[in-house]
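I opened this structure to look up a few things and keep notes. The entries follow in the order I made them.

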Amino acid sequence: MDTDARHQRPAGSPAAAVVHRLHECGETLATVESLTGGLLAAAIVEIAGVSSIYRGGLVVYATELKATLAGVPEDLLAARGPVDPDVAAALAEGGRRRCGAVWGLATTGVAGPEPQGDKPVGLVYVAVAGPAGTEVRRLDLDGGRDHIRSAAVIEALRLLAERIQVATDVDPAGAGRR
């Protein structure tokens, strides 16, 4: 297992925890990835029983695909570029909407080895869109390309787990929000 943003190995599998919790709640998930290029989806689909909760995902590495496939507003991309908190939010919301899922989870950032415009290597945004809105988390990661990408996956799954917990606390029945 890879390490998180603090270079620590997570206890248990963050993907398994999310998959099992979504299964308990009867909710679904979609992913939209730029920086992680499919690693997030791969981490999720390696969990047994995932077919009951995972709707699918988009890998939108090219900037124009963020608009055409994930529905990110072109003017937002033109004004701020692909590595931006509002772009991350739009990716998560677009994935949720386009895949017909309760939850959308997205990643965007700079894995290196070179900065992207004025965005430094290690700047990452992960976002979750769900029944109660969207939350974005900024990560300032260090290390090489592989660590940045794998840490982004772990941190995205942690953010999703937190949001699911908040939603469950608000709606203890926690089931049937489709």
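**Entry: the cavity**

I began with the largest cavity and found that S4 and H6 each supply at least two residues of its lining. I note here that the model is predicted. I counted 1 cavity of 30 Å³ or more in the structure. The largest cavity holds about 50 Å³ of space. I listed its lining as Trp-103, Val-128, Gly-130, Pro-131, Ala-132, Gly-133, Arg-163 and Ala-167. By kind, I noted 5 nonpolar, 2 polar and 1 charged residue in that lining.

Next I looked up the second largest pocket, which has about 190 Å³ of space. I found 16 residues lining this pocket, and the closest to its centre are Ser-34, Tyr-61, Gly-109, Val-110 and Gln-116. Helix H3 (63-68) and strand S3 (103-109) each give at least two residues to the pocket lining. I sorted the lining of the second largest pocket into 7 nonpolar, 6 polar and 3 charged residues.

**Entry: Val-126**

I then picked Val-126, which sits in strand S4 (residues 123-130). Is Val-126 buried or exposed? I recorded a relative accessible area of 0% for Val-126, so this residue is buried. I looked up what Val-126 touches, leaving out residues up to four places away in sequence. Its contacts are Ala-106, Thr-107, Glu-135, Val-136, Arg-137, Leu-139, Ala-152, Glu-155, Ala-156 and Leu-159. I also checked Val-87, which is 39 residues from Val-126 along the chain, and found 10.0 Å between the two C-alpha atoms.

**Entry: helix H1**

**Entry: strand S1**

I went on to S1 and found 5 of its 5 residues buried, so the strand is largely enclosed by the rest of the structure. I looked at which way the residues point: Leu-29, Thr-31 and Glu-33 go one way, while Ala-30 and Val-32 go the other way. Both sets are buried. Which strand is joined to S1 by 5 bridges? I found strand S2 (residues 54-59), and the two run parallel. Within this pairing, I saw Ala-30 opposite Gly-56 of S2.

**Entry: backbone angles**

Most residues other than glycine have a negative phi, and most peptide bonds are trans. I found a cis peptide bond from Gly-112 to Pro-113, with omega near 20°. Pro-113 lies in the loop between S3 and S4. I also noted His-7, a residue other than glycine, with a positive phi near 65°. His-7 belongs to the segment before H1. I recorded a relative accessible area of 43% for His-7, so this residue is partly exposed.

Notes:
Residues are numbered from 1 along each chain as its sequence is written. This is a predicted model: local features need pLDDT of at least 70, side-chain atom pairs count only at pLDDT 80 or more; totals for chains, interfaces and linings use all residues. Side-chain values use heavy atoms; hydrogens and water are left out. On a 1 Å grid over the protein atoms alone, a cavity is a set of points where a 1.4 Å probe fits but cannot get out, and a pocket is an open set with protein on both sides within 12 Å along at least five of seven lines; lining residues have an atom within 4 Å of a point. Grid points are joined across faces, edges and corners, and a volume is the space filled by probe spheres set on the points. Helices (H or I, at least four residues) and strands (E, at least two) are DSSP runs, numbered from the N terminus. Ala, Val, Leu, Ile, Met, Phe, Trp, Tyr, Cys and Pro count as nonpolar, Asp, Glu, Lys and Arg as charged, and the others, Gly among them, as polar. Buried means under 20% relative accessible area, exposed over 50%, partly exposed in between (1.4 Å probe, protein chains only). Contact means heavy atoms within 4.5 Å. Two strands pair if DSSP finds at least two bridges between them.
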